[in-house]
Amino acid sequence: MALTVTKSPPALIPPAGPTPGGSLPLSSIDKTAAVRVSVDFIQVFPADAPRDQGPLVATMRKGFAKALVHYYPVAGRIAEPVQGEPEVECTGEGVWFVEADASCSLEEARNLERPLSIPKEELLPRPPADVRLEDTVLLAQVTKFTCGGFAVGICFSHLVFDGQGAAQFLKAVGEMARGLPEPSLKPIWERDAIPNPPKPPLGPPPSFTAFNFEKPVVEISLDSIKRVKDQVASETSQKCSTFDVVTAMIFKCRALAIGFAPDAEVRLGFAAGTRHLLNDKLSSVEGYYGNCVYPGGLTKTSQEVKEASLVEIVTAIREAKDALSTRFLDWMSGGAKENHYNVSLDYGTLIVTDWSHVGFNEVDYGFGEPGYVFTMNDDVNIVPSVVYLKPPKPKQGIRLVLQCVEAQHSAVFSEELQKLA
């Protein structure tokens, strides 16, 4: 049976009340970290039984309209009056919203597990043909399934939000939809409070290789994670995070599977949140919804990683995270000598992104929190990567969306990961 989705034309949801005009600057982090990239993800809301979905969607629309009064820049558009200096024009136009109907239940669509049985384009919002996607700040699509469940597709501009910031806005939409008088977190813009230090030299442009990655989805159990955490505590008297443990597992298994030359460099890259380092710059770190991330990582030889214990790799990752804080403060004060955003885009690099704590799983538009959230930016094939997600409820642990080895290394990588998972 062909599964189909029928979309309504995109319609604007403007703010529910008057909002300021004018233009607003973006921060140096917004402009450095994000470029004009859109981020797509989907929230899946299962239902126990069919229900009248129309009033729920209407309530969600009202939530967007009311939240946009407080987050009025999101109702604006991205402009670039000076080349390389994008800003937000507070036009008050609103966000594009698409309503859609699927011909099936979520169960018939395999609960939107990968590989998707409905093309992702059918589940994600896009503006009308005469509107440039890269000029929009955020778009939403709600797809109704015959079982009473929903899929909410979101597309947001990484120039304006990081993941935590976008989740903050969507939580406010949910709060407004559920009848709160105002968002529990008061939003602040304050992009000009972020220092704009001299830019380190860019270096040569990176060269790109298109890889043909295998794309399995693997789950790491809570028990496996706890076992390594206990081992770290026993051997080092230090605590470590789930991120540290899972990243160490993947980094080691990948080195074992690929078998680079012993002295070949293998690199790990990640971005870490830096809001806690901006307390003296912002009036409210909690309410700030711009980009607050900085790149970190480590470089080892292939032999070092293959021979290291998981505890040793966890310790190296923890040290890299500590160093990132120092590097970020150094960057803010203008002391950075190199561009830390430069990443070697080759098979020796692994980029990990943790979506499990961003906040999209805690958004409630009036019909409960999602059972599952997953990102759809999985068509990047120029650098090996892994995304960490929460698995669908009621499962626990960490779900890995892997795009980090090609077919010739896939079997050994899976075997090594299975030993640890």
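Met249, Ile250, Cys253, Arg254, Leu256, Ala257 and Ile258 in helix α6 meet His409, Val412, Phe413, Glu416, Leu417 and Leu420 in helix α9. By class, the residues of this α6 contact with α9 divide into 10 nonpolar, 1 polar and 2 charged. The model is predicted.

**Helix α6 and its two partners**

Two packed helices are described by the angle between their axes and the distance between the axes. Helix α6 covers residues 242–258, and α9 covers residues 407–420. These two pack at an angle of about 140°, and their axes are 8 Å apart. Angles over 145 degrees would count as roughly antiparallel and 65 to 115 as roughly perpendicular, so α6 is oblique to α9. Their crossing is right-handed.

Helix α6 also packs against α8, which spans residues 310–332. Here the angle is about 120°, with the axes 9 Å apart. That makes α6 oblique to α8. This crossing, too, is right-handed. On the α6 side, the contact is made by Phe243, Asp244, Val245, Thr247, Ala248, Met249, Phe251 and Lys252. On the α8 side, Leu310, Ile313, Val314, Ile317, Arg318 and Lys321 take part. The contact of α6 with α8 has 9 nonpolar, 1 polar and 4 charged residues.

| Helix pair | Angle | Axis separation |
|---|---|---|
| α6 and α9 | about 140° | 8 Å |
| α6 and α8 | about 120° | 9 Å |

**Strand β10**

Strand β10 runs over residues 217–220, and its side chains alternate. Val218 and Ile220 point to one face and are buried. Within it, valine 217 stands opposite valine 401 of β16.

**Threonine 146**

Threonine 146 lies in the loop between β8 (138–144) and β9 (150–157). How accessible is threonine 146? Its relative accessibility is 47%, so threonine 146 counts as partly exposed; the exposed class begins over 50%.

Which residues touch threonine 146, leaving aside its neighbours within four places in sequence? The contacts are Pro50, Ala102, Ser103, Cys104, Ser105 and Glu108. Alanine 49 is 97 residues away from threonine 146 along the chain, yet their C-alpha atoms are separated by 9.4 Å.

Methods
Residues numbered from 1 in each chain as written. Predicted model: local features only at pLDDT ≥ 70, side-chain atom pairs only at ≥ 80, totals over all residues. Heavy atoms only, no water. Axes fitted to C-alpha atoms, helices over the stretch in contact; angles between N-to-C directions. Helix = DSSP H or I, 4+ residues; strand = E, 2+ residues; numbered from the N terminus. Parallel < 35°, antiparallel > 145°, perpendicular 65-115°, else oblique. Left-handed = near helix turned anticlockwise from the far one by under 90°. Contact = heavy atoms within 4.5 Å. Nonpolar A, V, L, I, M, F, W, Y, C, P; charged D, E, K, R; others polar. Buried < 20%, exposed > 50% of the residue type's maximum accessible area, 1.4 Å probe, protein only. Pairing = 2+ DSSP bridges.
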